[in-house]
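This report goes through one structure from single residues to the whole chain. The sequence and the model come first.

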Amino acid sequence: MNTLSLHLLIPTAIHLRSSRATSWSLPRAASPSYLRITSPLSLRATLSDGSQSVEKQTLEVLEWGALCNQLSPFASTSMGLSATRNADIPVGKSPEESRSLLEETAAALAAMEVMEPRQLGLSEILDLSEIIERAMAGQLLTVRELCAVRSTLRASSSVFEKLRRTAFHDKRVTPLVEILEGCDFKTTLEHKIGFCIDCTMSVILDRASEDLEIIRSERKRNMENLDSLLKEVSTRIFHAGGIDKATITKRRSRMCVAIRATHKSLLPGGVVLSVSSSRATCFMEPKEAVELNNMEVRHALSEKAEEMAILSILTSEVSAAQRGILHLLDRILQLDVAFARASHAKWMDGVYPTLTSEHTKTLDMDGDGTSLAVDIDSVQHPLLLGSVLGNPNGGNLFPVPIDIKVESRSKVVVISGPNTGGKTALLKTLGLISLMSKSGMYLPSKNRPRLPWFDLVLADIGDPQSLEQSLSTFSGHISRICQILDISSENSLVLLDEICSGTDPSEGVALATSILQYIKNRVNVAVVSTHYGDLSRLKDNETQFQNAAMEFSMETLQPTFRVLWGSTGESNALRVAKSIGFNGSILEHAHEWRERLKPEQEVERKGSLFQSLVEERNKLNLQATKAAALHTDLMNLYRELEHESNDLEKREKALFKKETQKVQEDLSSAKSKMQKLVAEFESQLETVAADQYNSLILKTEEAVADIIEAYCPKDLLLTEEEGYSDYSPQAGEKVIVTGLGGKLGTVVEEPGDDETVLVQQGKMRLRVNRKDIEPLPRTRTSETPTRSKRQVSMKELGSVLQMQSEPVRIQTSKNTLDLRGMRVEEAIYQLDMAISGRESGSILFIIHGMGTGVIKELVLQRLSKHSRVSRYEQANPMNHGCTVAYIK
């Protein structure tokens, strides 16, 4: 057998000893990927416990953990699931790192266009951290654990190869390949484990070492000898009546046979290993099997010891590779989270945000020189949006999209407005999307959102009172604001909700003003909400302040949750109280007290003016929306009419060309056939006898009739001048509108007294004069009876032969009247009837014979006097006994 020695498989420098004393690996948190990107809680590791507490409280207030939990359904590995559920996803420590994370998300989206994450095979990668810890602690890894290491290494290498192939065709996927580039996939270790262990059966293979192969071979040979011996003894006992059925079993790890207690004498010197519960059967080891059983025990112990040695050496290999394996797992986690972010972006229809490095101009707004540092259109709170995604009744109505527009020259934004108007939701939305952009997540907004990269997002939102720490609402707010001011930097985002509320209004305004004046030069952007009107007046004297208001509808007495940037708003507390059914008398007294406490009416006047401006703006917006919709409908109608017109003209030209070509082909073919027929007739006329003239003519006229029937139109159209003067269209009738270039229309309303008709053409309805419409062409099928094969007018025949001077003299059964054998009165009657039934311009052959000549004379007299006979030709040598009459 070809085997691989254990000392050749495993490097001899590795010894089986505990790795606890000689461990040199870095903790997992210090692996290269975690040195580059970290979770929000570890962004400032050098800060004090109090500072970290503020950051932690901010993340809790903004519900960052709930947002990260939205990623968990999209994670493919157990490591990614744990990271998203524990809000331990990577967050950039610099603008460059955040942009790199965004590029990874974009690359994952590009990869998802080619294949789904499950096709990549990330789900086959296991978390080996506990296995690595056990190996580092000197604990022996089991066969299943080693197989888990092998399958994870193989799956990781497979993921890398699939990404490389995808990136070869689509360069957008390159950032994902760069994540795994430089990783050691421990191919040698994977091959060693696969050589030693059959992971399908979870057993160590014989080839794992030469000693193991020898031991198992000797054990197998010994077991065969032992089994043969016991079968022979058991058969002998059975034949001696010592047992009903020969039985070989194992008791106390030794092979033995079953025998009745009364027949133990059949096995002299045997050892009883066990008895049945009824004590009627004994399980005895024959004397001859003792040494073989002893040998089996020794072989089993040797095999177990060799297997333990192999597992120990493989465990040492895993322990030695722990640093590379943990680094690989960190990169796999980074890749898994990138795909989770991409799936999340696709789920909420997110867009790629643009991060600016500092508080700089990003967009010129309205062309007036004012630029924006934060420019986000129609953003929705991601947690509220996630709660309605997939709900067909609320996805487009809730949450209400808001615009966030912070001017580049502004450092402090003061938001005022009614209670329950959405001020707090605005602060939380801005904080969350700032963290999302830092962590490489797409934003639930429209267009291309722009915002600065913030090193810290600090918030004082909610009620921070604590009975354990003896903090009231106001003192809790002030304590947290103090901590925020201590750790904030010029690149920080500060969010303060109801600043300095919960105390005397005059002192609260004074303290809030002082805080805002202090903070304006020490942060990137600060957004505060307040009910203090004096804070909104800070903008009048300083350009670093900006106002915004939450819109309130005076019609419904409800907030609209929209932000009016550059405006100030009222709290509308009394109106809100009235809308929820508060006691009317209390509200009336409240209005009186408000008038007494108000030092001047300026605020009320401004509020009324603001409300009127808001109403006027809403009216203008409504009119603009209606005008835009009307313009869109008109443009759609115009494009539809233009398309139909072009299409109709093209079809008309193509049809005319096709019909012209067909007529020319038919005419050429008819001429050719007629010329050939005439030539044949003339040649046969010279060779046939005189008595065969009639049959030749009849045969020729049949051929001419066939040609005419084949090439003449089946139906003759009405001439244009027929029936149009008294034409009256009916409702629902299809007509041709000559006033629209001959387009097809449908009559909607019959003509009235004003001689106009309501016609619909496409989506357009219009009135036209009755003389401007014509009926669809009708045929004479209903007026002219269908002609038979032989019933061909001489005028049609003449047009084919181009002989317009007179009809062609071809005799057929239809244009022939035979008077032979008739009496005079009967002959004259039949002649008059035949002439009356002939068409104008036709010809009539009258056969009267060559007898006494009485009938001939009567026929000639009648033809000379008949008003419908233009002329006639008497019988001649070419047509004996037949007179030809030409009908007018």
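Cys-199 is partly exposed, with 25% relative accessible area; the classes used here are buried for under 20% relative accessible area, exposed for over 50%, and partly exposed in between, with a 1.4 Å probe and protein chains only. The model is a predicted one, in which local features need pLDDT of at least 70 and side-chain atom pairs count only at pLDDT 80 or more, while totals for chains, interfaces and linings use all residues. Residues are numbered from 1 along each chain as its sequence is written, and side-chain values use heavy atoms, with hydrogens and water left out.

**Cys-199 and its surroundings**

Cys-199 sits in the loop between β3 (197–198) and β4 (203–204). Helices (H or I, at least four residues) and strands (E, at least two) are DSSP runs, numbered from the N terminus. Setting aside residues up to four places away in sequence, Cys-199 touches Cys-147 and Arg-150, where contact means heavy atoms within 4.5 Å.

Val-527 belongs to strand β17 (residues 525–529) and is buried, at 3% relative accessibility. Beyond its neighbours within four places in sequence, Val-527 is in contact with Val-413, Ile-415, Leu-427, Leu-430, Val-494, Leu-495 and Leu-496. For one of these, Val-494, the C-alpha atom is 6.4 Å from that of Val-527, although the two are 33 residues apart along the chain.

Thr-700 lies in helix α23 (residues 693–711). Thr-700 counts as buried because its relative accessibility is 12%. Its contacts, not counting residues up to four places away in sequence, are Leu-677 and Phe-681.

**Packing of α8 and α14**

Two packed helices are described by the angle between their axes and the distance between the axes. For helix α8 (residues 129–136) and helix α14 (residues 322–347), the angle is about 165 degrees and the axes are 11 Å apart. This makes α8 roughly antiparallel to α14. Axes are lines fitted to C-alpha atoms, for helices over the stretch in contact, and angles run from 0 to 180 degrees between N-to-C directions. Angles under 35 degrees count as roughly parallel, over 145 as roughly antiparallel, 65 to 115 as roughly perpendicular and the rest as oblique.

The α8 and α14 crossing is left-handed, that is, the near helix is turned anticlockwise from the far one by less than a right angle. On the α8 side the contact is made by Ser-129, Ile-132 and Met-136, and on the α14 side by Gln-322, Ile-325, Leu-326 and Leu-329. By class, the contact of α8 with α14 has five nonpolar, two polar and no charged residues. Here Ala, Val, Leu, Ile, Met, Phe, Trp, Tyr, Cys and Pro count as nonpolar, Asp, Glu, Lys and Arg as charged, and the others, Gly among them, as polar.

**Salt bridges**

Side chains of opposite charge can pair when their charged atoms come close. A salt bridge is a side-chain nitrogen of Lys or Arg within 4 Å of a carboxyl oxygen of Asp or Glu. A search of the whole structure finds 29 of them, including the pairs below.

| Pair | N to O distance |
|---|---|
| Lys-186 and Asp-184 | 3.1 Å |
| Arg-480 and Asp-460 | 3.7 Å |
| Lys-662 and Asp-666 | 3.1 Å |

Arg-480 and Asp-460 are both buried. Lys-662 and Asp-666 both lie in helix α22 (residues 602–687), four residues apart, about one turn of the helix. Lys-662 is partly exposed at 45%, and Asp-666 is partly exposed at 25%. Salt bridges also link Asp-206, Arg-216, Arg-219, Glu-296, Glu-303 and Glu-307 in a network.

**Positive phi**

Most residues other than glycine have a negative phi. Ser-253 has a positive phi, near 65 degrees. Ser-253 is placed in the loop between β5 (248–251) and β6 (254–260) and is exposed, with 56% relative accessible area. The phi of Ser-378 is also positive, near 50 degrees; Ser-378 lies in strand β11 (residues 370–379) and is partly exposed at 26%.

**Whole protein**

The protein has 26 helices and 28 strands. Of its 888 residues, 42% are buried. Among contacts between residues at least 6 apart in sequence, 68% join residues at least 24 apart.
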